[in-house]
Amino acid sequence: MAAAGVLPYELYSDAPGFLFNKVEWEKANASHSQEADFGKVPEGWPKKIEGPLVWDGKDLEAHPETFIRVLSSDEIVEVDAALKSFVKLSLPVSEVTRSTFPLPTLGPALRQLSENIYNGTGVNLLRGFPIQNYSKEHQATIFLGLNSWIGDQRLSQGTGLHIDPSKRSKIFVSAQNTDAQMYHSDVAADIVGLMAISLPESGGESTVSSISQVYNHLAEHRPDIVRLLAEKRFRWRGVGIPDEGVKLIHWFRNNLYLNFSTRTFIGFAEVPDRDPDYPSLTLEEREAFGGFNWIAEQYSLSTALQVGDIEWVNNLHHQHARRGYTESLSSPRHLLRVWLRDSEFAGELPADIQNKFDAVQSQPPDFYPLDELEEDERRRQTGVFTAACKDETAQERLEKGEVVGANN
Ligand SMILES: [Fe+2]
């Protein structure tokens, strides 16, 4: 159910008038005659994908023990001890690794989760750590320490570590508002890790969808949409996107891979203008993106995060989204986010995705800000992501009385 003051998700679009909301997609889909021939999936692609990455979120929700691992009290003590041993080393937080954050019994269990994130269902949640009892310095250390056991390589962290609009200064980017988001891939990582530090007043649920499951639905009902996503090259303004564009989904080594966000074709927040040298989306393309998003929603896993939860999502095979939410300064939605790869489980990628990741990750991460104000300061200094960021704070929005979380 939508939170008060938040547009119902079925009426939400990242780009109203360009990307279909659910109602618009259903209308477009129903406009085809019963006898319409949508053809076949591309040559060499399966009629149906099988394996652990293919799931319906409703089945996982019915069996939370299959993806939620609850920490024992001994494991919580072990994490606390790892923090203390890291603090004794007097190293910067960028030096948190498996060797500086030792977890002799929990570590091997986290390695099993990493294997599941790569080769199993591709989604896991670790629950029960009392993160609220720690200072912000120690929260970041614990978050990165636990994550080092999931992926030994921390990648370029994009806009920073914190997702929290309420603490922002005069700069924030698209992840940092209260709007819902449609299904998307994060820019260049095998795994996305998110930890809930504090929760909003209402809304803000995180959802994940198996795109192999979406594929199976589309292959049966709308193979024309599969063909468009698999065969046409799309271009947008972004690091690592060549002039000839990239294909959006790839059948590679018996798995479906993807890394794109539909809103990049339209322009959004820090990327306000679509690529003017690329033709506007056709109606057919807009319908394809609508179908892709709303079928993803149909099969999604919805998680109401609890404080201390860490959620890991495979960013090569799944996409994620979130619901809009209402905020207050005393009850912000504050998440820590990290982008990871694990050298033991990572494999070869389709060339379009590998080239993009290489370009985005050409700079090693060296900046782990303690809070959002530090992140904003860094953006001012570097000029990155500042051009079109909204020039107001969460407090100013609240004082103006705007409906937050709405799609306007
Ligand atoms: Fe994301």
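This report describes the iron site, salt bridges, a helix pair and selected loop residues of a predicted model.

## Iron site

Three protein residues donate to the iron ion: His-184 and His-320 through NE2, and Asp-186 through OD, lying 2.2 Å from the ion. Along the chain these donors follow the spacing H-x1-D-x133-H.

## Salt bridges

The model has 15 salt bridges by the distance rule applied here. One of them pairs Lys-58 with Asp-56, with an N to O distance of 3.4 Å. Lys-58 is partly exposed at 46% relative accessibility, whereas Asp-56 is buried at 16%.

A second pair is formed by the side chains of Asp-342 and Arg-111, at 2.9 Å from N to O.

Arg-341 and Asp-190 form another salt bridge, with 3.9 Å between N and O. This pair too links distant parts of the chain: Arg-341 is in strand E15, while Asp-190 is in the loop between strand E5 (181–184) and strand E6 (191–198), 151 residues apart. Arg-341 is buried at 17% relative accessibility. Asp-190 is buried as well, with a value of 2%.

Leaving aside residues up to four places away in sequence, Ala-346 touches Tyr-118, Asp-190 and Arg-341. Two of these contacts, Asp-190 and Arg-341, are the partners of the salt bridge with an N to O distance of 3.9 Å.

## Helices H6 and H7

Helix H6 (residues 211–221) and helix H7 (residues 223–231) have axes that come within 6 Å and cross at roughly 120°. H6 is therefore oblique to H7. On the H6 side the contact is made by Tyr-215, Leu-218, Ala-219, Glu-220 and His-221, and on the H7 side by Pro-223, Ile-225 and Val-226. Sorted by class, the contact has 6 nonpolar, 1 polar and 1 charged residues.

His-317 lies in the loop between strand E12 (310–314) and strand E13 (318–322). Its relative accessibility is 3%, so His-317 counts as buried.

Not counting residues up to four places away in sequence, His-317 touches Leu-53, Ile-211, Ser-212, Asn-255, Leu-256, Tyr-257 and Leu-258. Among these, Ile-211 and Ser-212 fall within helix H6 (residues 211–221). Asn-255, Leu-256, Tyr-257 and Leu-258 fall within strand E10 (255–258).

Most residues other than glycine have a negative phi. Arg-253 has a positive phi of about 50° although it is not a glycine. Asn-254 likewise has a positive phi, near 60°.

Arg-253 is located in the loop between strand E9 (249–252) and strand E10 (255–258), and Asn-254 is found in the loop between E9 and E10 as well. Arg-253 counts as exposed because its relative accessibility is 58%. Asn-254 is exposed at 62%.

How values were computed: Residues numbered from 1 in each chain as written. Predicted model: local features only at pLDDT ≥ 70, side-chain atom pairs only at ≥ 80, totals over all residues. Heavy atoms only, no water. Axes fitted to C-alpha atoms, helices over the stretch in contact; angles between N-to-C directions. Helix = DSSP H or I, 4+ residues; strand = E, 2+ residues; numbered from the N terminus. Parallel < 35°, antiparallel > 145°, perpendicular 65-115°, else oblique. Contact = heavy atoms within 4.5 Å. Nonpolar A, V, L, I, M, F, W, Y, C, P; charged D, E, K, R; others polar. Donors = N, O, S within 2.8 Å, 3.2 Å for Na, K, Ca; no water. Salt bridge = Lys/Arg side-chain N within 4 Å of Asp/Glu carboxyl O. Buried < 20%, exposed > 50% of the residue type's maximum accessible area, 1.4 Å probe, protein only.
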